[in-house]
Amino acid sequence: MELLRAIEDWTRHLSDVRRLSPATVRAYRADLMDLSAAVGGETDLGRVDLEELREWLWAATNRGDSRATLARRTAAARGFFGWAREAGHVETDPSLRLVAPKRGRTLPAVATAPALAEVLASLADDAADGDPVALRDHAVLELLYGAALRVSELCSVRIGDIDRDRLTVRVTGKGDKDRVVPFGVPAVRAVDAYLVRARPALAGRSAGPVDALFLGVRGGALGPRSVYDLVTRTVGPALGSGAVGPHTLRHSAATHLLDGGADLRAVQEFLGHASLGTTQIYTHVSGERLVSTYRLAHPRA
């Protein structure tokens, strides 16, 4: 089997059988298309050996690819050739001895609770005049932070997913797993104001009905890129950096929960993490803040 054909078959397997997220499938496909360009797409799959895989990773290293990217490419190659071996497309798996570089742990960017409160208060002031986009932006950030949502989860929320009485929202996370997430009174107030005073105006700009909760300026479903731009514009200055995105609010919410005494298992459920180890990184963020406070305040520090 030709390498290019095998890559397409595997990416369909990831999407249709393993049901990985579209973003993950695109990333793995891009990695393997880069491998294809390095060894030749018309090359027979069985002719790709360990040495070629190592040279491919070495070329990426020389390009300056990050350790996280190299680790993902290693995972893509292992997953691909492991599948090919099980499917009978190759006799041996050349990726078994392919070593991924160790990933350096980077702690997520976190905004302080007072800084976020100031940002949200400013957005509420902007929304007071009744501008539909300002009302939407305020509701987006309140829900994004209040429920610690991923940007993909936020953009896929429908009107019927909001339960105003219970203050919960139903979202679809990674692996198409549904979960019900609580949020606070400020978020429901912002969403209510948006639904009554803004969404009808935005929906009127669409050619047809749209079920998404949050709408763009043309009446279609709000996209992740617009949410990224909103967070960068509003939260970025509060952190003194433009390199922030929607995940910053998710990181911040998790850290603030732990700082407030929330149980780690409860935060895991809240975030929708499959592994507790993924959630534990936030304990390091909180721990660093504790050490910083100690050094500033303790007379014997």
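Predicted model: local features only at pLDDT ≥ 70, side-chain atom pairs only at ≥ 80, totals over all residues.

Me: Great, let's start with packing. At what angle do α6 and α8 pack?

Reply: The angle is about 150°, and the axes of the two helices are 8 Å apart. Helix α6 covers residues 132–146, and helix α8 covers residues 185–197.

Me: So is that roughly parallel or roughly antiparallel?

Reply: Roughly antiparallel. Angles over 145 degrees count that way, and therefore α6 and α8 fall into that group.

Me: And what's the handedness of the crossing of α6 and α8?

Reply: That crossing is left-handed.

Me: Which residues make the contact?

Reply: On the α6 side you have Leu-135, Arg-136, His-138, Ala-139, Glu-142 and Leu-143. On the α8 side, look for Pro-186, Ala-187, Ala-190, Val-191, Ala-193, Tyr-194 and Arg-197.

Me: How do the residues of that contact divide into nonpolar, polar and charged?

Reply: For α6 with α8, there are 9 nonpolar residues, 1 polar residue and 3 charged ones.

Me: Let's pick one with Arg-29. What does Arg-29 form a salt bridge with?

Reply: Its partner is Glu-8, and the closest N and O atoms are 2.6 Å apart. Arg-29 lies in helix α2 (residues 22–39) and Glu-8 in helix α1 (residues 3–16), so this pair ties together parts 21 residues apart in sequence.

Me: How accessible are the two ends?

Reply: Arg-29 has 32% relative accessibility, so it counts as partly exposed. Glu-8 is partly exposed too, at 25%.

Me: What about Arg-73 and Asp-31, how far is N to O there?

Reply: It is 3.2 Å in that salt bridge. Arg-73 sits in helix α4 (residues 67–86) and Asp-31 in helix α2, and the pair links distant parts of the chain, 42 residues apart.

Me: And why does each of them count as buried?

Reply: Arg-73 is buried because its relative accessible area is 9%, and Asp-31 is buried because its value is 0%.

Me: Which residues are linked with them in a network of salt bridges?

Reply: Besides Arg-73 and Asp-31, the network takes in Asp-34, Arg-63, Asp-65 and Arg-72.

Me: Last topic, backbone angles. What's phi of Arg-19 near?

Reply: It is near 55°, which is a positive value in a residue other than glycine. Arg-19 is in the loop between α1 and α2, and with a relative accessible area of 46% it is partly exposed.

Me: Where does Leu-167 lie, and what is its phi near?

Reply: Leu-167 is in the loop between β1 (162–163) and β2 (168–172). Its phi is near 55°, again a positive value in a residue other than glycine. At 22% relative accessibility, Leu-167 counts as partly exposed.

How values were computed: Residues numbered from 1 in each chain as written. Heavy atoms only, no water. Axes fitted to C-alpha atoms, helices over the stretch in contact; angles between N-to-C directions. Helix = DSSP H or I, 4+ residues; strand = E, 2+ residues; numbered from the N terminus. Parallel < 35°, antiparallel > 145°, perpendicular 65-115°, else oblique. Left-handed = near helix turned anticlockwise from the far one by under 90°. Contact = heavy atoms within 4.5 Å. Nonpolar A, V, L, I, M, F, W, Y, C, P; charged D, E, K, R; others polar. Salt bridge = Lys/Arg side-chain N within 4 Å of Asp/Glu carboxyl O. Buried < 20%, exposed > 50% of the residue type's maximum accessible area, 1.4 Å probe, protein only.
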